[in-house]
Amino acid sequence: MKVALIGCGFFAMNQLHGWKDIDGVEVVALCDRDEERLSVASALFDNVRTYKDAAAMFADGGFDTVDIATTVSSHRPLVEMAAAHNVHVICQKPFALNLEDARAMVKAVEATGKTLMIHENFRWQSAVRAVIEEVRSGVIGTPFFGRVSFRSGYDVFSGQPYLAEGERFIIEDLGIHILDISRALFGDATRIAATTRRINPKIKGEDVATMLLEHEGGVTSVVDCSYATHRSPETFPESLLEIDGEKGTIRLDAGYKMSVQLGDDVTERDVAPPVLDWASRPWHNIQESVRIIQQHFVDCIAAGAEPETSGRDNLQTFALVEAAYLSAKEHRTVELADL
Ligand code: NAD
Ligand code: 89V
């Protein structure tokens with residue numbers, strides 16, 4: 001697979017290391033409007049073409065896959081450019097600015113027959129994945145309740161200053177991952193009710209959100225996230241999970257401790273992720289998930305299979321984000337079918 005990456009910023013460095021670790025993948029071209037970022041990223045490779053303009057990179061071609069690692073406002077034009085050049089696409093979350101754009105982007109790539117996957121990586125963190133596999137194995141029977149929780153006081157704004165500037169913040173940037181974990185555990189949701197707050201006066205958007213979901217299979221889940229929670233130990237960027245099933249419970253607690261309880265028997269497992277040689281704490285679980293999600297993308301293309309977090313699938317996660325904002329604004333429960 002020959003990969004071209006657009007957007008050599010803060011997070012793309014993880015994606016570039018991830019590609020380097022995957023057999024059969026070669027990064028052949030890089031694009032960023034910013035000369036300095038382009039130069040730092042290209043230093044990771046012996047032989048890579050560099051471009052300041054994505055259209056010029058597509059015109060030269062020589063790659064079969066594009067990795068779009070820019071921020072959201074450029075996603076639609078870049079995905080449509082990729083579709084016009086008939087290549088596979090992996091695009092960072094949040095996929096689009098609104099649901100209409102997201103639907104159009106999925107349609108554009110579907111028309112080419114190429115694969116479109118969204119880089120929605122939290123469900124691919126190995127600790128979260130261990131819980132998803134346990135739930136899917138049926139060991140605790142049919143789940144009836146779940147909680148997916150992310151509460152932190154970590155300063156995300158120093159690495160990603162744009163997060164302080166948007167009208168929308170935590171649901172669009174972080175809640176999207178947490179809502180996606182809830183879907184991975186319990187299936188699609190039919191209704192959502194949400195409240196939001198802004199606690200940090202230095203930012204524009206909301207930094208606290210509490211969401212209640214009803215899922216198609218009958219599970220009720222509480223999905224809560226906060227960047228205004230000062231706690232010790234700081235758990236960034238861990239998602240904590242609680243699932244009650246008819247036969248038992250599963251929890252993922254702080255410090256990557258998973259426990260499965262059946263009757264009075266409790267089995268505990270340390271599911272802490274490794275720190276890859278290019279990774280650093282506390283980001284190492286996200287960094288490991290980047291390599292895992294990119295390997296999944298490569299494996300699905302080789303097998304002709306649809307990725308778990310395909311563009312089509314991500315429309316459901318994206319709809320939950322839109323519905324959560326609508327619910328918080330209008331103080332009402334939103335039916336997903338109405339969007
Ligand atoms: P960033 O601002 O640091 O980097 C984006 C880069 O894209 C910049 O260097 C910018 O110059 C470049 N760019 C923008 N539009 C371009 C265009 N049309 N052509 C060429 N270059 C262009 O942003 P970031 O923090 O790296 O975030 C990028 C994306 O990754 C965002 O969508 C963000 O939500 C996502 N992200 C995901 C995770 C995760 O865990 N999945 C973590 C952090 C960020
Ligand atoms: O995953 C993300 O999208 C990041 C962060 C973990 C900081 O929320 O923006």
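Reader: How do strand S7 and strand S11 pair, and over how many bridges?
Author: In this predicted model, strand S7 (residues 143-151) and strand S11 (residues 240-245) run antiparallel and are joined by 6 bridges.

Reader: Which residue in S11 is the bridge partner of proline 143?
Author: The partner of proline 143 is glycine 245 in S11.

Reader: What holds paired strands together in general?
Author: Strands of a sheet pair through backbone hydrogen bonds, in either a parallel or an antiparallel manner.

Reader: And S11 with S12, what do they form?
Author: S11 and S12 form a hairpin, with 2 residues between the strands. Their pairing is antiparallel and involves 4 bridges. Within it, aspartate 244 stands opposite threonine 249 of S12.

Reader: Which strand pairs with S12 over 6 bridges?
Author: That is strand S13 (residues 257-262), which pairs with strand S12 (residues 248-253) in the antiparallel sense. For example, leucine 252 has methionine 258 in S13 as its bridge partner.

Reader: What is the order of the strands in that sheet?
Author: The sheet is open and has 9 strands, in the order S14-S13-S12-S11-S7-S10-S9-S8-S15, with mixed pairing.

Reader: Why is one side of S14 and of S15 left without a neighbour?
Author: Strand S14 (265-270) and strand S15 (334-335) are at the edges and each has a single partner strand, so one side of each has no neighbour in the sheet.

Reader: Which strands does helix H9 touch?
Author: Helix H9 (residues 311-330) packs on this sheet and touches strand S8 (189-197), strand S9 (208-215) and S15. The direction of H9 makes about 55° with that of S8.

Reader: Now to the records. Which residues does UniProt list for the domain?
Author: An unreviewed UniProt entry lists residues 129-251 as "domain: GFO/IDH/MocA-like oxidoreductase". In the model, this span is 21% helix and 35% strand, and its end C-alpha atoms lie 12 Å apart.

Reader: Changing topic: what is the strand order in the sheet of 6 strands?
Author: The order is S3-S2-S1-S4-S5-S6; the sheet is open and its pairing is parallel. Its edge strands are strand S3 (49-51) and strand S6 (116-119), each of which pairs on one side only. On average, neighbouring strands of this sheet are turned by 20° against each other, with direction ignored.

Reader: How many bridges join S2 to S3?
Author: Strand S2 (residues 26-31) is joined to S3 by 3 bridges, and the two run parallel.

Reader: Where does helix H2 pack?
Author: Helix H2 (residues 35-42) packs on the sheet, where it touches S2 and S3, and its direction makes about 170° with that of S2. Helix H4 (residues 75-84) packs on the sheet as well, touching strand S1 (2-6), strand S4 (65-68) and strand S5 (88-92). The direction of H4 makes about 170° with that of S5.

Reader: Last topic: at what angle do H1 and H8 pack?
Author: Helix H1 (residues 12-21) and helix H8 (residues 284-303) pack at about 55°, and their axes are 9 Å apart. The two helices are therefore oblique to each other, and their crossing is right-handed.

Reader: Which residues meet there?
Author: From H1 there are Asn14, Gln15, Gly18, Trp19 and Asp21, and from H8 there are Gln287, Val290, Arg291, Gln294, Phe297 and Val298. By class, the contact has 4 nonpolar, 5 polar and 2 charged residues.

Methods:
Residues are numbered from 1 along each chain as its sequence is written. Chains are lettered from A and ligands numbered from 1 in the order in which they are written. This is a predicted model: local features need pLDDT of at least 70, side-chain atom pairs count only at pLDDT 80 or more; totals for chains, interfaces and linings use all residues. Side-chain values use heavy atoms; hydrogens and water are left out. UniProt positions are given in the numbering used here, feature names are shortened, and annotations may be inferred rather than shown by experiment. Axes are lines fitted to C-alpha atoms, for helices over the stretch in contact, and angles run from 0 to 180 degrees between N-to-C directions. Angles under 35 degrees count as roughly parallel, over 145 as roughly antiparallel, 65 to 115 as roughly perpendicular and the rest as oblique. A crossing is left-handed if the near helix is turned anticlockwise from the far one by less than a right angle, and right-handed if clockwise. Contact means heavy atoms within 4.5 Å. Ala, Val, Leu, Ile, Met, Phe, Trp, Tyr, Cys and Pro count as nonpolar, Asp, Glu, Lys and Arg as charged, and the others, Gly among them, as polar. Two strands pair if DSSP finds at least two bridges between them.
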